[in-house]
Amino acid sequence: MKVTILDDYFDTLRTLPSFAKLEGHDVEIFTDHVQDVDRLANRLKDTEALVLIRERTEIRKPLLERLHRLRLISQRSVYPHIDIDVCTARGIIVSSDQHAGTPSYAAAELTWGLILGAARQIPQQMQSLQRGHWQMGVGVTLRGKTLGIHGYGRIGRVVAGYGHAFGMHVVIWAREAARQRAQADGFDVAASQEAFYSTCDVITLHMRLVPETRGIVTAADLARMKPASLLVNTSRAGLVEPGALVRGLEAGHPGAAAVDVFEEEPLRDPNHPLLQMRNVVCTPHIGYVTKDEYELQFSDVFDQIVAYAAGSPINVVNPAVL
């Protein structure tokens, strides 16, 4: 079967032990990022199984209508970048393991790294040394501060544990069922979203981006944050009302931010407002980008291809296609 892998920036997947699962298939890997429909249609004209790395490439109707041999899209996690109804109409199976039982420790670790980096101004202090200067400012200690976790799922739960280990007071805000789980785990729950944003020193977002959560963090929420507070987002930029974070930082609420995700990705504009602010730490959506996490994720992605080739597709998100 002709298998195509898109957006493998550093040609990493062929180095994974799980890549051996594709032995016997004709595999082609592209390491650049292309969104132009004509170029993608040409690349994928012979593809039968398409492997996507998260949401890096959008797979919409104008492209799908030109991929006459495509029969399977295999990926992991949510799929807002794929026209599922069009896939179903064209007989294309979309397999995507939702990994509910496997926390992304890589994303949780990066979240904590960003919290530490922003609190102690680590990137800015390094830049000061590189420019021939000494210390450039004074950071803050996390111990004794209040860590707010908006969304208590598989990643938020791990980050809550990190906060507890660092001596922080951990407070949760999430859906009712998640708040109950947090309380059962021994964490405090905020009385309301308004109280949550007004009282926490550090707030980190850990929710899936679905229609119900898009823009769930409003400009009003940010305006309630303390002048010395920190907002961290390693989930999805769409969780925050468009433009609200930049405006909030300019107004001083929150006082700082650390983000791994952006409204448009890949972000290649060095003049983007967030990249120009000295109170913001940015990374290029690397929360899940470790070889260990890739092995965990793509073992599932390749299993889905093997299952399809054997005539028994798994993790099908559009079962009507069957």
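**Entry 1: strand E5**

Buried means under 20% relative accessible area, exposed means over 50%, and partly exposed lies in between (1.4 Å probe, protein chains only). Helices (H or I, at least four residues) and strands (E, at least two) are DSSP runs, numbered from the N terminus. I am working on a predicted model, where local features need pLDDT of at least 70, side-chain atom pairs count only at pLDDT 80 or more, and totals for chains, interfaces and linings use all residues. Residues are numbered from 1 along each chain as its sequence is written, and side-chain values use heavy atoms, leaving out hydrogens and water.

I looked up E5. Five of its five residues are buried, so E5 is largely enclosed by the rest of the structure. I checked which way they point. Ile-93, Ser-95 and Asp-97 face one way, Val-94 and Ser-96 face the other way, and all are buried.

**Entry 2: the five-stranded sheet**

I then looked at the sheet that holds E5. Two strands pair if DSSP finds at least two bridges between them. The sheet is open, has five strands in the order E2-E1-E3-E4-E5, and pairs in parallel. Strand E2 (26-29) and strand E5 (93-97) are at the edges with a single partner strand each, so one side of each has no neighbour in the sheet. From one strand to the next, the twist averages 20°. Axes here are lines fitted to C-alpha atoms, for helices over the stretch in contact, and angles run from 0 to 180 degrees between N-to-C directions.

E4 and E5 are parallel and share five bridges. Arg-76 has Asp-97 of E5 as its bridge partner. Strand E3 (residues 49-51) is joined to strand E4 (residues 72-76) by three bridges, also parallel. Val-51 is opposite Ser-74 in E4. Helix H12 (residues 291-309) packs on this sheet. H12 touches strand E1 (2-5), E3, E4 and E5, and its direction makes about 155° with that of E4. Contact means heavy atoms within 4.5 Å.

**Entry 3: the seven-stranded sheet**

I found another open sheet. Its seven strands run in the order E8-E7-E6-E9-E10-E11-E12, with parallel pairing. Strand E8 (188-189) and E12 are the edge strands, each with a single partner, so one side of each is left without a neighbour in the sheet. Strand E7 (residues 169-173) pairs with E8 over two bridges, in the parallel sense. Ile-172 has Val-189 of E8 as its bridge partner. H6 lies across strand E6 (146-150), E7 and strand E9 (202-205), at about 175° to E6.

**Entry 4: helices H4 and H6**

At what angle do the axes of H4 and H6 cross? I read roughly 45° for helix H4 (residues 105-119) and helix H6 (residues 154-165), whose axes come within 9 Å. That makes H4 oblique to H6. The cut-offs: under 35 degrees is roughly parallel, over 145 roughly antiparallel, 65 to 115 roughly perpendicular, and the rest oblique. I listed some of the contact residues. Among them are Tyr-105 and Trp-112 of H4, and Ile-155 and Tyr-162 of H6.

**Entry 5: helix H10 and what follows**

Which residues of helix H10 are buried? In H10 (residues 244-251) I noted Ala-244, Leu-245, Val-246, Gly-248 and Leu-249. They pack against helix H9 (219-224), strand E10 (230-233), strand E11 (256-259), helix H11 (273-276) and strand E12 (280-282). H10 itself lies across E10, E11 and E12, at about 150° to E11.

Just after H10, Gly-252 has a positive phi of about 90°. The peptide bond from His-253 to Pro-254 is cis, with omega near 5°. Pro-254 is in the loop between H10 and E11. I found a cis bond between Glu-265 and Pro-266 as well, with omega about -5°. Pro-266 is in the loop between E11 and H11.

I checked Asp-7. Its phi is near 65°, a positive value in a residue other than glycine. Asp-7 sits in the loop between E1 and E2. At 2% relative accessibility, Asp-7 counts as buried.

I checked Arg-54 next. Its phi is near 50°, positive in a residue other than glycine. Arg-54 sits in the loop between E3 and helix H2 (61-64). Arg-54 is buried, with a relative accessible area of 12%.
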